[in-house]
Amino acid sequence: MPEWSEDVAVEIEALQATYGDALTLDEPLQQISMLVLPNAAGQQQQHFVECQLVCTLSASYPSSTPTIKLRDVRGFVNRQEQLQQQLSTDADELAGELLLGHLFESAKAWLSDQDHPEGESSRNCSHTRQTG
């Protein structure tokens, strides 16, 4: 188990309670990842964008910002650098604070704004998720 501070452990517990199965914790790698969907995706069956947001925490988090990566990007490959840059800027602005929840919500808001097909070749690329 990583040697996280009590504050970080409470943050992770709150994230797990908030995001449930969408959140994955890989303790040996000190990574927290979440399947990020547009905000409206929970209320509708189709969406055009999604990604896995992976935050790797150092032993000094929150004093140091997490390493942020996007994986399994769908529907916005040509725009993913925009989201990556926004999340990095957000992390830098909130350095020293517990910021994982903010990053997840910022990514969801960005995807909500971008929830449309990317280019002509993506007309039939919408993703359908089963809601449980």
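Reader: How many salt bridges does a search of the whole structure find?

Author: The search turns up 1 salt bridge. Keep in mind that this is a predicted model.

Reader: What makes glutamate 50 and arginine 74 a salt bridge?

Author: Their side chains meet at 2.7 Å, N to O. The cut-off is 4 Å between a side-chain nitrogen of Lys or Arg and a carboxyl oxygen of Asp or Glu, so the pair qualifies.

Reader: Where in the chain do the two partners, glutamate 50 and arginine 74, sit?

Author: Glutamate 50 belongs to strand E4 (residues 50-56) and arginine 74 to strand E5 (residues 67-74). They are 24 residues apart, and the pair links distant parts of the chain.

Reader: Is glutamate 50 buried or exposed, and how do you know?

Author: Glutamate 50 has 2% relative accessibility. Buried means under 20%, so glutamate 50 counts as buried.

Reader: And why is arginine 74 called partly exposed?

Author: Its value is 37%. That label covers what falls between 20% and 50%, so arginine 74 gets it.

Reader: What is the overall layout of helices and strands in the chain?

Author: You'll find 3 helices and 6 strands. Following the sequence, the pattern reads α-β-β-β-β-β-α-α-β. Of the 132 residues in the chain, 40% are buried.

Reader: Which strands does E4 pair with?

Author: E2 is one of them: E2 and E4 run antiparallel and are joined by 6 bridges. E5 is another, also antiparallel to E4, over 6 bridges. Glutamine 52 in E4 shows up on both sides: leucine 35 stands opposite it, and its bridge partner in E5 is arginine 71.

Reader: Which residues have the most contacts inside the largest nonpolar core?

Author: Leu53, Leu83 and Phe104 do, in a core of 29 residues. Helix H1 (6-19), strand E2 (31-36), E4, E5, helix H2 (80-93) and helix H3 (100-113) each supply at least two residues of this core. H3 gives the most, with 6 residues. As for leucine 83, its contacts beyond neighbours within four places in sequence include Cys51, Leu70 and Trp110.

Reader: How many aromatic pairs are there in the whole structure?

Author: There are 2 aromatic pairs. One of them involves the rings of tyrosine 19 and phenylalanine 104.

Reader: Why is the pair of tyrosine 19 and phenylalanine 104 called edge-to-face?

Author: The ring centres are 5.7 Å apart, inside the 6.5 Å limit, so the rings pair. The planes stand at 80 degrees, and over 60 counts as edge-to-face, so that is the name. Tyrosine 19 is in helix H1 and phenylalanine 104 in helix H3, so the pair ties together parts 85 residues apart in sequence.

Reader: What makes tyrosine 19 and phenylalanine 104 buried?

Author: Tyrosine 19 has 14% relative accessibility and phenylalanine 104 has 0%. Both values are under 20%, so both residues count as buried.

Reader: Why does lysine 108 count as buried?

Author: Lysine 108 has 19% relative accessibility, and the cut-off is under 20%, so it counts as buried. Lysine 108 lies in helix H3. Leaving aside neighbours within four places in sequence, lysine 108 is in contact with Met34, Val36, Leu37, Pro38 and Asn39. Lysine 108 and asparagine 39 are 69 residues apart in sequence and 5.9 Å apart in space, C-alpha to C-alpha.

Reader: What kind of peptide bond runs from tyrosine 61 to proline 62?

Author: That bond is cis, with omega near 15 degrees. Proline 62 lies in the loop between E4 and E5.

How values were computed:
Residues numbered from 1 in each chain as written. Predicted model: local features only at pLDDT ≥ 70, side-chain atom pairs only at ≥ 80, totals over all residues. Heavy atoms only, no water. Helix = DSSP H or I, 4+ residues; strand = E, 2+ residues; numbered from the N terminus. Buried < 20%, exposed > 50% of the residue type's maximum accessible area, 1.4 Å probe, protein only. Core = buried A, V, L, I, M, F, W, Y, C linked by side-chain atoms within 4.5 Å. Contact = heavy atoms within 4.5 Å. Phe/Tyr/Trp six-rings, centres within 6.5 Å; stacked < 30°, edge-to-face > 60°. Pairing = 2+ DSSP bridges.
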